[in-house]
Each structure stands twice: as C-alpha cells, then as structure tokens.
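Please take a moment with the sequence and the model before reading on.

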Amino acid sequence: MRPLARRTITASLALALAVGGVLLPAVELPLPEAAAVSPEVGAVPVTGIDAAARRDPTALGRAEGHAVPHAQDHTDGPAAPGRLAALSGRAETLEFLVAGVTWDAGTAEEVTEVALRVREDRGWGGWQSVGVENIGSDGGALTDGRAGTEPFLSTGADAVQVRVRTLSGRCPVHLRVDVVDPGSAAADANVGLTAQPAGSASAATGDEIRPSLVPRSGWGADESLSSSWPELSGRLDAMFVHHTAGTNSYSRSQSAAIVRGIYAYHTRSRGWPDIGYQFLVDKYGTVFIGRKGAASDNVIGAQAGGFNTGTIGISGMGNFETAGPTASMLRSMKRVLAWKAYRYHVPPTGSVTLPNGGSPDSNTRSKPGDDVRVPRIVGHRGTHWTACPGERLQSKLPAIRRSVAEMVGAATRRHGTARFTTDRVAPNPATAGQAPIQWGARSWYSWDPVPGAVRYQVLERYAGYRSTMPNSRYWRRVITVSGTRANLYAAEGLSVEYAVRGMDRNGRPGPIERLVRTTRPVPDSAVIRTGVWAQVRDDAYYRDRAWSTVHAGSRLVVEDVERVVQVRVMTATAPGRGRVAVYVGADRVGVIDTDAANDPKRIFTVRLDRARSGRVTLKTLDDQRVRVSAVAYVRW
C-alpha cells in the first residue's frame, strides 16, 4: 500500500487581526498521524438460564427486527424456532463499542437465535437479534476458530445481557459474550481525511474508478493481532453485501474505532487470522480496507462461509432491519462494487453458479457440495439463513446492481477494458523428474522474465491422495522472488499445482500461469504390507531403501486413493526378478515385469482407461525377488 499522504488543515487566522500593526499569516496545523491502537477485550461467561434474570417480565421480549430465517422451518416467521437455552444477568463490563456472542466450534447444539441488549448513557435498550455467522474459511484451509455471531455495534455501552435459543434447549459449550474496547486515537476524528485518494489513472488498469480508501494503518490496525493468511481466489465471481448489528447512531469519529473493534472481535474472540470482511463502509460513506491485501488482490475472507472462495464481502456498518442505509453509504458501496466489477470483469446485473465449499457451521441454505445460482451482487441472506444485510439494504440491491452496471459501462467506454499491468509469464518446461511425479522433496522451477514485473509470486494448490482434487477456484501464496526461479517443496502424498504471476512496482498482480501439475510419491506409512516383506537399505535406492520379497501373493496396499489416472512404481530391476500385478479395487489394470537390466530406480507406468478411485494393490505373481522403493499416483 502507498504511505499515507500527510494532509494539513489551514487555520485561517487572516482575519485582519493586527498585532502591533502586523497582519498574522495563515497557519497550517498538521492532522494527527494514524497509529496502531491495541484493543481491550473482555468476556462474560454464560452457563445457562439465570433464575433472577428469567423472572424479569422483559426477559423474553421480542428482539428488534424480524426473526432470522432458519433452516429448520424454512420460513421467515416472527418467532425464532428452538427453546430458551441461555439467559444471562445484566452484567457490568468495560466500556465497549463492539460486542459478540461466541461458543465452542463443533458444539452439538444448533443455535437458532441470539439476542443482545446493552446499557448506553445509563439506560438499557431493547433486545436486538444478532445473526449467526460462519466459523471458518473455505478454499483449501479452515480456521480453528470459535463459532459466533456477527459483530454488534454500540455507541459506548458498559453493560450487556444475552439470550440464546437452541433447537434442543441445551446451552452451547463455553458460551460467552465478548466485548471490545477498541481504544481511541487522536487520528480517529480525521479518518476520512487521511484516506488514500481515489483512482485517477487514464490507462485501463482496473483502478481508474477506485474509490478513496482508508488503509489499515489509517484506522489503527494492530497488526500483531493478525496472522498469515496466504489463501486467495483465482477469480472473482460474486460480491456479498453485509451489515453489522446494533446501533446506527455512531459518530463519524467513532467509525475507525468500530472497525478496530470488529477486527479485534474477529481475531481475538473468533480466532480468525484477520478481519472477516474485505471492505467496510460507514454511514458517512467512508470506505475502510478490511482484510489485509484486499485493495490489490483477491484475498479470501470469512464473509460467507461455504462461499468465501471467488467472492468478496462489503459490510455496511449498521443495522438495516431497523433503519435504511444513508445515501452516502450507498454511494460508496456502489463505488467499491463498480471498481471491483470493472477490474475483474464481473457483470454487475448477471448471475453465477457458486459451489458450496462446506465451511463448517456456516448456516448455509444449501448443503456442502451443492451448486447455487445467485446474483453477482448478492445479499448475505441469498446463500445463508440470516437476515443480513437487513431488509432495508436488501431491497436496495436491484437498484445498486443497475447503478454499478452503469458505472462499469462508463469506465469501459472511457478507459477501455481493464487489463493486467504485466504480461502472462512463460514457464520453462518441467523435467521428467519434476512431472508428472516430483520425486524429490524440493525442485527448482523457472520461467522467462516479463516486462513490467519487478518480482514474481509463486502460488500453489494441493490435495492429499485421499482427498478430492485441489479446488480450482483458490490459490495459496508460497513465495515472492525477484528472480525467475524458485525452489519449491511438496510433502509426500500430495498432488500439487504450482503457478506464477508477475507483480508490478505498485504491487498489482498479473495473470496467473501454471508452472506444473505434479504429484509426490505416497509416504511409506501409507503402505500396508501383507505377506513377507523385508526392508533393504542401500543408497542406490530411492530414499535409500526398498521393500523386498521372494514370495508370490505378497501385497503392498494403499487405501482410498481418489481419482488416479496412472500408477507409477519405482523398482529395482535385474535379470531373473519377478512380476507385480497392479489392481485398482478388484480390477487388474496392469502387470510390471522387473526381469530386466540392472537398474535400482526403474520407473514403471500403468495407465488406466479412466480416472478411478479406491484401493490400489501391488501383488507379486512369482516366487522370485521383487524390490519396490516407491509408489506414486498421477491424478491429472
């Protein structure tokens, strides 16, 4: 990201104030510079139904906003399903701007309603429903976080009460209310003034219509709270619109602190590696960069569990069940959506099929593995059982799509079709020892230099031999280099696809180009040996060892191999050696004859008629010596 330009406010003291006959000049006073602010997080444990709280006649009062639609009844009815499982007393807390309710991920209880009420300005507000969010991020990896709700905003509360319903009426394990005091900074009052300026380029790089953005440093992100998250989407398919919960009455000077509070809630309370949303927009129209790298890349967030890959999330700060979004917020949301749609060639009024990636406890309307047809600009409720982004914002989406399409059309007419700032990389061909099997743990891959690229980013996606093929919609960043080659590691048993892209001097990535698709041999620990086998040590063999037998009917078995198209076996050949039959399931798919010239690392290939899955067995056919040092499965 570019460093913040330090702006100034002119204090016009040229009021014709004469002191001793001298006119005082205008004075420029610097704005306070943004700095990282460390939040304070408190927790209120909830263990069940507090008897005193239950006697309060308002304890079961209706929560503001209609009840969240739920998978169990598939209706938008007024009453949340389930039974009362937890009701806390009114607990004093530290003063907070952001709160949320969390519980252990994987709990057997299905949460159907969470409602909060808080004390602000010495008075208690009414119950407000808070949507249940996903716990993890699909796309090749899952976070080990806590289940919980969307963030709840206040203008400065100091006490809280929570109510939770579950289908069973039992309390979720380790239920608690987390409250966040995000701290304050002198720069908070000027956060909109210190944003990165809007795009102004004349060539079609995709950033010509980028709105003014507040970078993470501008809203005071404490980067020690975040951890590495290398996952990114290979393309942008759809954009989710969200809202938070709680108040709409925050001040302009509180916006940056609220973003810090959401960040702390997501990282410290939920256990996510970063804030879940790529962008947040306040009611004054200020756009905050949320997840790290969201301005320049397609980083995967945690905004729509099961559908995080290939999408981004833009969250309006406020509750749009109880009030409508401001004109300023809508205007900035449209600008963010138009910028991303233009840059990534997303038809704003179109629709797309998204696969449900199966992030756990995500409260999705569909089942993991299902394909769902949604608008390219979609409200969170389009894929999940939630009221988000609120009825007042959801109803605006048709008009938002039309406006965004007009903005993208205008940008295309003025600047042309958005294109990458660097060309596609041309990889050098892989060697026989690199593909389709990478026999060594590490291997050097290289490519030709690309004009305009000052460095290169290597990406990967992978899956174990017992897993489905790598998700073709995500990538994982491996390394960034200034040269044109990289030494890449792959663990045994993985099928790996490596790719590379150029990066320009502004950090903008170029198109992704595949380097290789390859597979590592399965580890010895995955091979089940039946019959009589002995391990032979010799540095002439692969991994300095081989498994040897002289008995017919001895077997080497690997269970549950997914989608194999070739079986490759490394053996030691010599005159008079025996034969090995290869089976996938009950079908014999080939025979290897190791009676050949001396070679300690001879590779045999058995090609299958189609992709097959199941148990793969090597069975010796003769009472003659056979030595096998490695088995690998080609899956592409």
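This is a predicted model: local features need pLDDT of at least 70, side-chain atom pairs count only at pLDDT 80 or more; totals for chains, interfaces and linings use all residues.

Residues are numbered from 1 along each chain as its sequence is written, and side-chain values use heavy atoms, with hydrogens and water left out.

Let us begin with the sheets. Helices (H or I, at least four residues) and strands (E, at least two) are DSSP runs numbered from the N terminus, and two strands pair if DSSP finds at least two bridges between them. Angles run from 0 to 180 degrees between N-to-C directions of axes, which are lines fitted to C-alpha atoms, for helices over the stretch in contact.

| Open sheet of five strands | Pairing |
|---|---|
| β15-β26-β25-β28-β29 | antiparallel |
| β19-β18-β20-β16-β23 | mixed |

Six bridges join β28 (residues 494-503) to β29, and Val 500 stands opposite Glu 513 in β29.

The twist averages 25° from one strand to the next. Strand β18 (residues 279-281) pairs with β19 in the antiparallel sense over three bridges, and Phe 279 has Ile 289 as its bridge partner in β19.

Now for the loop between β29 and β30 (528-530), where Val 522 lies. Is Val 522 buried or exposed? Val 522 is buried (under 20% relative accessible area; exposed is over 50%, partly exposed in between, with a 1.4 Å probe and protein chains only), at 3%. Its C-alpha atom is separated by 5.3 Å from that of Glu 492, 30 residues apart along the chain. Leaving aside neighbours within four places in sequence, the residues in contact with Val 522 (heavy atoms within 4.5 Å) include Tyr 465, Arg 543 and Tyr 633.Finally, the second largest pocket has 26 lining residues, and those closest to its centre are Gly 234, Tyr 344, Phe 420, Gly 510 and Pro 511. Here a pocket is an open set of points on a 1 Å grid over the protein atoms alone, where a 1.4 Å probe fits, with protein on both sides within 12 Å along at least five of seven lines; lining residues have an atom within 4 Å of a point.
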